[in-house]
Amino acid sequence: MDKNDVLKIYDEDYTKGYEYKDQLKISVNKGVDFLLNNQFNYGEFKTEICKRYKDSSGQVVEEWNFDSSPFATALILYSLNFLEEDERVQKLREHGLKFLMAEMEEGGLWRYCSSKNRNHFMLPPDLDDTCCISYILKINQVLSQKNIKTILNNQNQQGIFYSWMFAASEKRIYCSNETWNVNQENDICCVVNSNVLLYLGETEQTRKVVEYLIQVVLKDRENISTPFYNHKISFYYMLSRAYYNGALTLVITKKNIIDKILNIQQPNGSFGNELLTSLSVCSLLNYGYCSPDLNKAINFLVKNQQADGSWKRIPMYGYHTDKATYGSAELTTAFCLEALARYQLLDATAEHKEKQEETVKVIVKSPKTQGINRKKLFLLFFIIIRSDNWWLYKIPPLLAIAYAEILLMDLPVIQSILTVLALLLSISSLAAYGHIVNDIFDIEVDQRVGKNNSMAQFSSWQCLLLCILFAATGFVLPILMNFGTWAIILLGINYLLPTLYSAPPLRLKEKGIWGVVSDAAGAHAIPTLFFAATFLHLSTTPQPESIILTITATVWSFCAGIRGILLHQLWDRENDLKSGVKTLVTSLDIEKVRFWISYIIFPIEISLLSLLVLVISRFAPILLVLFILYLLLKTINIKLALANAFEPAPTWKANVALHDFYEVCLPLALITLLSIREPLFLILLLLHIILFYPSIKQRTTDLVQLIVSGLKGLTNLVKFTNEYEQKVDFLPTNQQNQQELEKLQVQLHTSQTEFTKLNSHLQTQEQLEQIQAQLQQTQGELQQSQSQLHTSQTELVQSQSDLQQTQEQSEQIQAQLRQTEKELAESQSQLHTSQTESVQLKSYLQQTQGVEGVMSYYRSRIASNPDDIQLYHQALEVIPDDAQIHLQLGNALVRQNRLSDAIATYQTVLQFHPDNFEIHLELAKALEKEKKWDEAIAFYQRAIELNPDYSWSHKHLGDILAERGQLSGASLSYRRALQLQPRIF
C-alpha cells in the first residue's frame, strides 16, 4: 500500500462513508458516562457469570449473577487508553489501578476471582490475569517487573506457557459446581500465551511462544487452542494487540487473520454481535488495516448502542472448560469504545488533513504495514535455519581444525583467511540445508505431538527453493576457489547424508544404529575431513604431520558426534515416543544408553582428544599446557563436588562435558597462537570473537567460576584439615589406652635393660642375634599397639562429635516442641476467641439481617473451607431444606470418598426438592461409584427428564449402560451427548 492509496481511502471513505459525523463523538461520550456511573467505589468494573438452562416450557433462560474479578477491569483499562485525554477516563483509570493493586498477591500474581469473591481461594493464580494486569500497571508506571522470573518458570519443555500457576503436581480446580482436572492439553491456551507475549515482549525467552502462536494461525488451530474463550475472535484481538505493542514477528499472521476476520463479516457490517464486531474492528486496526469495510461495522455499533450509553451484555470467555460463560455490559462497552475511539483517529476532515498526511507517512513507512525491519527479518531467517542448534556448537570445533592446519602448514596469511571465510560460508549453508530438510520431513511427526516446526508455514515449492538455495551457496565458493576434487566430493557426500537421514524411504534417523552413525558422520566427521582436505589441497607437498592431524581429528570428531547424537535422541526420547518415531534410544533403556555414553564412548572420545592435542602440541606446545590445566581444574571440580559438574551424559539439555573446550578453549587458543605468529591473523581472531561472542562470554564466565570455585574449595579443604589436626592434638587421652601404653613402655624398658645385661655377658654372636630378634619383635608389637591406640583415639573423637551433634539436634527438637506447644496454646485461644466472635456475629446477623444474613455468613465460610463438613450441618440447622447447601455437602462427602453418607445426603434433600436436576445427577454419580448400577441408571434417566439438554448426563448414562453391556442404549446416549456437545469426547 503506497501513500496515494491510503490517502484515497481516507478522502473517499472515512470522510464520506460515515454520514453522522457528530454522532460518533456523542456515542463515545455516552459510553464513557455509562462506565463512570457503573464503576464500583473501590474501582472494580462488573463481571457477571451467565448460566443457561431450559425452563418448564422448553425455552432457554439465561441467569446472570455478579462474579467479582480483576480481569475485566484490566481489559477495560487497556481499551480506555485510547481515550486517555478525557478527564473522566483519567478518573476511571485512577480508581481501577487502585483496585488492581489491592488484589495483587505476593510475588506480583493475581487470581481470576477477586478477594471479594467467595471462590477466591478455589482458583490458583493464573497467567492470563497476571500478565494482563501487569501490562496495564507497567504502561501506567505503577509496578516494577518483579514477577517475570515466576512467569518464566511456568513454561513447559517446549517453551509454551501454562495458564494456571500450581504449586502441586496434581492439578484440580473446583468452580461453578464442576471439578476440572487440568492436564497439559487444556492448560495451554493461545490467548493466554498472547497476553504473556504482550507483557514480556518479544525476547529470547518468548521466541518459542511466537512460533507457537504463528503455527496456531497458519494451521487453523484457533478453535482447539482456546479452552477458556468461546470465540476465535477473542484470540485474534489478543494476538493483534501483542503485535501492535511490539511483537513484530507476528506480522506473518497479518494477512491470514485479516482474511479470516473479513470472511465472517455480515451484510449489515457486523461480525456476529456487538462484542465480536468491536473486537474485530480493533484487531483489524491493530494490523493497520484501512478499508471501507470498517464503515459498516462502526455504523452497526453506533446504531446498537443502548439508551444508557452501554452496549449489550455478551459473554466473552468461558464455556469450553467451565460450562458457564462470563462477560458484562461494562466489558462490551469498553471494547466498543476502543473501536470507536480508534476509528475517530482515521477521520479525515479538513482541519485534520495536515495531521493525517503525517499519519499516512507513518503508516506507509511503519514496519506494521510494510513488513518487519531488518532485525526481525534476520530473526525469522535464523528461526527457519535453526541456527541456535548448530552455530555455537558445531562450527567452532571445525574452525579449530582449520586453525591447526594453518599452524602446521604455515600457509600464506591472506589465502588462509579467505579460505577460512569460504569454508565458514559453505559449512553454514550445509548446516542450514540439513536442518531445513530434517524439518521438512518432520512436519507431520511434529504436528502429532504439538511440536513447533518452522517449515510448516511454507508450501512445497518454497521448501524446495530453500533447499536449492542453500545447496548452491554451499558449493559456489569451493568450486570458484578450487578447493580440489576430494573436497568437492566430500562436500557432496555431506549434502547427501542429511537427505538420506531425514527423507523417506531410507530415513536413516529411524534405522537405529544407522541413524546414529550417519548423523555423527554427516554432522562431524565428514565436515572435519572436508576442512582438512581443503587445506591439504592448498599445500603442494603435505607433511606427514598434517595427514596424522587429519586422521586423528576425523576419528575424534566422529566419536564426539556419536555422543552428541545419542544425547540428542536421549533428550528428544519423550517426543519421539509420542509421535511414534523409532530411534536407537527409544528402543533401549535410558540408563543403559547413559552407561554406554559415560563409560565407553566418552573415555574413547577423551583419549582421542588427548591424542589430537599431542599432535597439535608438536608445533604449539603451549596448547598441551592449557589442556592439562583444563583437565586439572575439572578434576578438582569433581573431587570437591563443586558447581558445574562434569557430566558426560546429562539427562536433560545442559552444559555437556568437554563442549566448553571444543567450542571456546581450543579454537581461541589456536587462533591466538596464529595471531602471535602473524599479526594479520588478528583480523580472523576479532571476527571469531564477534561471531561466537555469546558462547565465548558464557564459557569464559563458567571457566572463571570454575577456577574460583576450585581455589575456594582447596582453601576450605586445607583449612578444615588444619583445624581437624589441631583438635585431634588437644583431645584428652583415653585413660585405659594410656595405661596399656605405659605398661608396654615399661616392658620395653625392661627388655632393653635385660638386653644390655645379656649383651655384656653373651660370648657368642649367635646368642646376641637371637636376643636382638626378640627385641625387634617386641618393638614391632609396641608399634602395633601404638597404631591401635591411635585408631581408638580417632574413634573416640568421632563418637564425641556424634554425641555432641545428637545433643544439639535434641535441643533443637525440644525448642521446636516448646514453640509448637506455645503456638498450639495461642491457636486454641484464637479458636476460642473466634468461636465467641462467630456466635456474636451470627447473633448480630440474625437480629439485623434475619436468616438470610446468617446463611450468607455460612456460604462465605463454606466457600473458603469447602471440605469442612461441620459448617454444612451448622448451616442446615438454620434452613434444613436448603438445596444448595445439601448439594455442596454431598459433593464434599464425595470428595472425601464417604460415598454412603453422600448418597444419604442427596436422598434426604430430594424429599424437599424432588425436581432438582443437579441433585439427581450427583446422586447418580455417587451410586455409580458405589457400583449400584440399576439405581444409578434410574437417577440418570430422571436427571435427563428434568434437563434433557445437559450433555454430560447422556454421556454418563452411556458409560454405565456400556459397562452393563447394554450397547444399544449406550449408543443412543452417546449420540445424544455428541449432538449437544460435539467435543465431549
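1. Start with helix H18. The patch is formed by Ile 414, Leu 418, Leu 421, Val 476, Leu 480, Met 481, Leu 680 and Ile 683. Together these residues have about 710 Å² of accessible area. Two elements give two or more residues to the patch: helix H18 (413–440) and helix H20 (460–480).

2. Ile 683 sits in helix H28, which covers residues 682–691. Is Ile 683 buried or exposed? Its relative accessibility is 52%, so Ile 683 counts as exposed; the cut-off for that is over 50%.

3. A word on confidence. This is a predicted model. The chain has a mean pLDDT of 79, and 78% of its residues reach 70 or more. Two stretches call for caution. Over residues 167–181 pLDDT stays under 50, and the model has 39 contacts beyond four places in sequence for them. Over residues 347–373 pLDDT also stays under 50; here the model has 49 such contacts beyond four places in sequence.

4. Now turn to helix H13, residues 329–344. This helix has 16 residues. From first C-alpha to last it reaches 22 Å, close to the 22 Å expected at 1.5 Å a residue. H13 is mostly covered, with 15 of its 16 residues buried.

5. Where does Thr 226 lie? It is in the loop between helix H8 (207–218) and helix H9 (232–244). Thr 226 has a relative accessible area of 3%, so it is buried; the cut-off for that is under 20%. Thr 226 and Tyr 317 are 91 residues apart in sequence. In space they are 9.6 Å apart, C-alpha to C-alpha.

6. Most residues other than glycine have a negative phi, and most peptide bonds are trans. Pro 504 and Pro 505 are joined by a cis peptide bond, with omega about 10°. Pro 505 is placed in the loop between helix H21 (485–502) and helix H22 (513–538).

7. Positive phi is the next item. Asn 482 is not a glycine, yet its phi is positive, about 55°. Asn 482 has its place in the loop between H20 and H21. Asn 897 is not a glycine either, and its phi is positive at about 65°. Asn 897 lies in the loop between helix H34 (883–895) and helix H35 (899–912). With 60% relative accessibility, Asn 897 counts as exposed.

Notes: Residues are numbered from 1 along each chain as its sequence is written. This is a predicted model: local features need pLDDT of at least 70, side-chain atom pairs count only at pLDDT 80 or more; totals for chains, interfaces and linings use all residues. Side-chain values use heavy atoms; hydrogens and water are left out. pLDDT is the predictor's confidence in each residue, from 0 to 100. Contact means heavy atoms within 4.5 Å. Patches are made of residues with over 30% relative accessible area and no salt bridge: like charges are joined within 9 Å, nonpolar side chains (Val, Leu, Ile, Met, Phe, Trp, Tyr) within 5 Å. Accessible areas come from the Shrake-Rupley method with a 1.4 Å probe; for residues, only the protein chains shown count as cover. A salt bridge is a side-chain nitrogen of Lys or Arg within 4 Å of a carboxyl oxygen of Asp or Glu. Helices (H or I, at least four residues) and strands (E, at least two) are DSSP runs, numbered from the N terminus. Buried means under 20% relative accessible area, exposed over 50%, partly exposed in between (1.4 Å probe, protein chains only). The expected span of a helix is 1.5 Å times one less than its number of residues.
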